[in-house]
Protein chains: 2
Amino acid sequence: MPSHSTGKTDIEIAQHAVLKPIKDVAKNLQLEEDDLEYYGKYKAKITYDKINALKTKKDGKLFLVTSINPTPAGEGKSTVTIGLGDALKRLGHKTVIALREPSLGPVMGLKGGATGGGYAQVVPMEDINLHFTGDFHALTAANNAISALLDNHIHQGNFLQIDPRRVVWKRAVDLNDRALRHVVVGLGGPGNGVPREDGFDITVASELMAVLCLAEDLNDLKQRIAKIVVAYNYEKKPVTVGDLGVEGAIALLLKDALKPNLVQTIEHTPAIVHGGPFANIAHGCNSVMATKTALKLADYVVTEAGFGADLGAEKFLDIKARTAGLKPDGVVIVATIRALKMHGGVRKEELAVENTAALQAGLLNLQKHVETIVAFGLPFVVAINRFASDTEAEIAVLKNWCSERDIPVSLTEVWEKGSAGGIDLANKLLEAAKQRNNFRPIYPLESTIEEKIETIVRKVYGGTGVEFSTKALRQMEDFKRFGWGHLPVCIAKTQYSLSDDPKKTGRPVDFAIHVRELVPKLGAGFIVALTGDVLTMPGLPIEPAAYQMDVDENGRAIGLF
Amino acid sequence: MPSHSTGKTDIEIAQHAVLKPIKDVAKNLQLEEDDLEYYGKYKAKITYDKINALKTKKDGKLFLVTSINPTPAGEGKSTVTIGLGDALKRLGHKTVIALREPSLGPVMGLKGGATGGGYAQVVPMEDINLHFTGDFHALTAANNAISALLDNHIHQGNFLQIDPRRVVWKRAVDLNDRALRHVVVGLGGPGNGVPREDGFDITVASELMAVLCLAEDLNDLKQRIAKIVVAYNYEKKPVTVGDLGVEGAIALLLKDALKPNLVQTIEHTPAIVHGGPFANIAHGCNSVMATKTALKLADYVVTEAGFGADLGAEKFLDIKARTAGLKPDGVVIVATIRALKMHGGVRKEELAVENTAALQAGLLNLQKHVETIVAFGLPFVVAINRFASDTEAEIAVLKNWCSERDIPVSLTEVWEKGSAGGIDLANKLLEAAKQRNNFRPIYPLESTIEEKIETIVRKVYGGTGVEFSTKALRQMEDFKRFGWGHLPVCIAKTQYSLSDDPKKTGRPVDFAIHVRELVPKLGAGFIVALTGDVLTMPGLPIEPAAYQMDVDENGRAIGLF
């Protein structure tokens with residue numbers, strides 16, 4: 001993020017950070033050596049024994065960080081989350097940050113890294129951005145083991161009468177690989193399985209990722225895995241992992257991945273980084289195990305949900321919080337003046353030029369997300385992640401806009417200053433959290449799938465309604481018959497717009513959302529609605545970030561940023 | 001292995017073993033805490049700094065364990081390797097065992113586990129058999145990242161003019177999944193890449209696995225990766241990973257996987273378990289980094305090569321030893337009376353019945369492998385891994401057979417007794433190692449590819465010659481033109497027979513080997529010759545081992561054995 005003014009890149013700052021041994025970071029949370037499984041000196045998993053022992057403890061307070069719709073300008077939601085955690089610790093509060101793990105796909109594609117930025121980073125950033133503690137690899141292996149066992153079942157006699165045309169379980173890789181979206185497997189003759197159409201999702205979109213992130217413990221994980229619908233039989237009845245009889249083997253492959261990972265920020269604030277579904281194509285929150293463990297260990301927990309409040313926060317509040325019985329005590333909505341200007345129509349190349357008119361126009365996007373958080377009944381603060389290019393006039397416009405609407409706002413400078421740049425935000429959030437909290441999900445579970453989707457579209461996206469494809473309409477009938485109508489919905493939608501058209505930035509009006517297909521995720525416990533052209537497997541750009549990546553002879557990473 | 005007599009399963013013995021913290025095991029090798037990166041309490045990687053610092057130290061002696069052709073009766077080569085290491089330590093020698101890591105595919109397919117057996121096991125067996133330190137997952141991710149970047153290159157303009165019909169780089173999963181042997185990728189229209197035929201190999205057959213196992217250090221790894229041929233362009237010229245410009249990113253993904261893993265046996269003998277190419281479809285040896293590090297740390301290093309001496313040992317001696325400048329000081333050839341009886345024509349169900357005639361017939365298989373090790377100029381001992389069902393008459397036949405031929409032989413009982421059951425073998429091997437050692441590879445590098453394959457077939461397999469397919473003949477011409485004729489060959493062949501027909505057990509005569517295709521592995525530095533029907537992606541059986549696998553609520557594995 002060179003538009004900040006320190007002159008150092010994120011990886012330079014991260015590589016120069018002096019880390020504490022993770023056992024020392026853990027000690028501040030009353031975690032002893034036996035409560036941890038080390039992965040090198042600076043990473044550890046927390047044992048099941050310790051997590052069980054914590055169950056009787058009182059919970060701390062939970063803060064959720066969300067944002068406006070992302071733009072190519074960058075919003076820095078992770079950066080603000082980390083900086084806010086550091087600031088709460090600096091104020092003397094026992095604090096734990098709870099984040100998602102980065103996916104290798106975007107790291108090698110566009111982003112290069114996803115561990116915050118500047119002086120608000122979690123470390124060791126190289127490890128976290130690459131294989132970390134192997135959780136995603138375990139998920140990929142487990143996902144593909146289900147596929148292998150399923151195809152083997154069909155090949156070896158197909159006792160369950162699975163219709164190879166109706167296999168809904170896809171394979172997975174933790175990479176951006178468009179060539180794997182639509183494939184045909186089982187070619188090459190009778191010795192090589194039964195030919196059928198298949199596809200690969202990115203691992204973060206796999207139902208197993210959602211299952212891992214929503215499971216309360218290893219038994220719950222196994223029960224959820226058993227419920228996963230992998231195919232339909234020739235009578236069009238669902239076939240599950242439990243029917244295949246392999247939920248035990250799959251749970252075994254995930255026995256370590258389910259344990260939360262402890263790392264630290266550059267300022268040594270404990271951070272639990274665990275689970276990582278994307279918020280556009282999945283439910284977008286870190287794991288329930290991590291969040292609940294963090295709440296037992298700290299007085300304040302700061303967590304984030306992916307992309308804008310229309311995606312991650314909605315899913316955090318309607319799916320994760322409801323499933324796990326969580327209630328946020330306050331919300332932070334992150335924006336940048338640069339991104340708001342883009343929402344107001346400015347091109348990326350012209351962001352450095354002062355443009356208060358565009359900022360005014362772009363503020364409509366922020367306004368919608370504020371309305372959403374209000375609709376959920378939650379107290380909040382708007383955090384402006386300050387960039388060097390922000391002008392005094394622009395900052396004044398923003399502040400006026402907020403004060404006219406009684407919206408609490410804080411200028412944060414955590415990228416440049418670490419915790420010192422987030423003290424004001426922390427104080428305002430602690431203040432906001434004292435206000436009345438009327439949290440409730442946006443729709444009741446008793447509504448039909450159709451009603452749930454419509455409610456989200458109207459109340460969260462600000463759209464006029466929903467157009468269902470013929471397929472989706474038929475599926476809703478089927479799902480009702482299967483008894484799945486009570487499940488929450490997880491909408492897969494572009495992150496760039498409140499609508500399902502990524503080009504409609506700002507605050508689009510008079511739009512409908514197009515639901516082309518539903519995907520039942522019985523293990524996760526929700527129904528995914530695929531809208532617009534959203535893809536569950538990203539592609540690589542013309543110049544992937546991988547082209548810049550390298551490693552020196554001592555194993556030091558180059559080109560992560 | 002219930003035919004042994006303790007009445008306990010391997011996993012029961014392993015789960016009841018009392019492990020030492022790995023730092024204590026390391027301390028006996030003069031490895032300090034800073035020389036290690038811990039993965040939990042009982043696994044660690046050795047740092048590059050330490051490996052570099054060791055370079056000036058003197059090497060210990062190297063023992064190679066190989067076997068007869070495997071049968072469904074089980075030979076216990078890993079068990080003998082581990083028991084021999086334990087016995088050498090018991091005799092007061094500073095000993096390190098150097099093994100390969102198990103692949104998840106066979107663990108979930110047939111084997112259930114691959115960490116020795118009985119009282120000769122490496123532990124923690126659950127971890128080693130599942131994800132271990134993530135090396136194979138890193139390889140899978142790196143392998144598939146090359147594919148994604150290659151397909152993206154083709155999709156984004158194809159500057160290198162890669163012919164999509166001539167992509168030789170395959171994707172990989174560390175699973176047995178026959179449905180992925182032949183696939184078509186890039187389907188679904190212009191936004192989803194360029195359609196082409198593709199296939200998946202099991203990760204242990206990936207060239208990256210061979211590269212990891214043959215690399216001397218991280219720089220060598222990167223240079224080898226750059227040389228990997230991934231495709232041919234429209235002019236039929238090879239295109240490499242270096243041409244794609246991504247060797248840095250791929251090496252970065254493997255920066256930790258290249259570090260050797262330290263664990264222990266049940267008797268606390270240090271074991272370096274690292275790398276794991278299969279010996280039938282790949283070169284079948286653990287990593288050069290691991291073997292060389294072990295030689296610096298110990299007076300005696302015991303390592304094994306996969307399957308029979310026709311596969312693993314041949315490749316160890318002709319590829320790994322030659323590339324890395326290693327010279328074994330002695331060889332152990334493992335056999336069991338049960339397996340020899342199977343080579344003599346007995347069915348598995350009748351193995352418990354005494355049958356000295358079948359044993360006599362089966363000894364011809366052992367004899368060929370003895371001749372092979374003699375042809376390599378190496379001193380050796382035959383180790384009979386004793387089973388409870390072996391009768392005194394059978395043992396007498398075997399002993400007579402050996403003494404008539406002056407073949408040193410030892411009855412080992414390491415499965416049942418641990419180190420105590422291997423003392424005799426250790427002493428005989430130490431004695432053998434004092435004999436004249438005339439080690440030389442079986443063929444000179446200057447021979448043509450054709451000559452090399454013919455030499456292996458005649459001298460190692462005992463065949464009469466080689467039949468090359470039209471394709472293989474054309475490829476040999478091409479490879480000569482590309483300047484690849486000087487490389488060693490790595491023959492992919494069934495492990496069950498000296499021939500390329502798995503049904504021909506014992507010692508087949510008058511057979512030719514059929515080479516259907518050659519695969520250049522420029523990064524690994526050898527040419528693979530695919531013979532018979534051998535497949536680089538195994539399938540699952542009707543009742544995969546996965547059906548028995550489970551995990552309890554505390555994370556304890558069930559069904560690994």
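Domain 1 and domain 2 of chain A bury about 2100 Å² between them, with 63% of that area on carbon and sulfur atoms. Buried area here is the accessible area (1.4 Å probe) that two parts lose on being put together, summed over both. The model is predicted, so local features need pLDDT of at least 70 and side-chain atom pairs count only at pLDDT 80 or more, while totals for chains, interfaces and linings use all residues. Residues are numbered from 1 along each chain as its sequence is written, chains are lettered from A and ligands numbered from 1 in the order in which they are written, and side-chain values use heavy atoms, leaving out hydrogens and water.

**Domains 1 and 2 of chain A**

- Chain A is assigned domain 1 (10-132 + 257-434), domain 2 (135-254) and domain 3 (449-530); such bounds come from an automatic or database domain assignment.
- The C-alpha centres of domain 1 and domain 2 of chain A are 32 Å apart.
- Contact (heavy atoms within 4.5 Å) takes in 32 residues from domain 1 and 22 residues from domain 2 of chain A.
- On the domain 1 side, Ala257(A), Leu258(A) and His283(A) lose the most area to domain 2 of chain A, together 25% of what that side buries.
- Two salt bridges are counted between these two domains of chain A, a salt bridge being a side-chain nitrogen of Lys or Arg within 4 Å of a carboxyl oxygen of Asp or Glu.
- Asp135(A) and Lys45(A) join their side chains in a salt bridge, at 2.7 Å from N to O.
- Helix 5 of chain A gives the most to the side of domain 1 that touches domain 2 of chain A, with five residues. Helices (H or I, at least four residues) and strands (E, at least two) are DSSP runs, numbered from the N terminus.

**Where chains A and B meet**

- Chain B and chain A bury about 5900 Å² between them, 62% of it on carbon and sulfur atoms.
- Each side is represented in the contact: 71 residues from chain B and 71 residues from chain A.
- Seven salt bridges are found across the interface of chain B and chain A.
- The side chains of Lys41(B) and Asp34(A) form a salt bridge, at 2.9 Å from N to O.
- Helix 7 (residues 135-155) of chain B gives the most to the side of chain B that touches chain A, with 10 residues.

**Helix 7 of chain A**

- This helix (residues 135-155) has 21 residues and spans 30 Å from first C-alpha to last, close to the 30 Å expected at 1.5 Å a residue. The expected span is 1.5 Å times one less than the number of residues.
- Of the 21 residues in helix 7 of chain A, 20 are buried. Buried means under 20% relative accessible area, exposed over 50%, and partly exposed in between (1.4 Å probe, protein chains only).
- Gly157(A) follows helix 7 of chain A and has a positive phi, near 120 degrees.

**Backbone and local details**

- Most residues other than glycine have a negative phi, and most peptide bonds are trans.
- The peptide bond from Val123(A) to Pro124(A) is cis, with omega near 0 degrees, and the bond from Val123(B) to Pro124(B) is cis, with omega near 5 degrees.
- His268(A) has a positive phi, near 70 degrees.
- Asp406(B) has a positive phi near 60 degrees and is exposed, with a relative accessible area of 71%.
- Thr66(A), in strand 3 (residues 61-67) of chain A, counts as buried because its relative accessibility is 0%.
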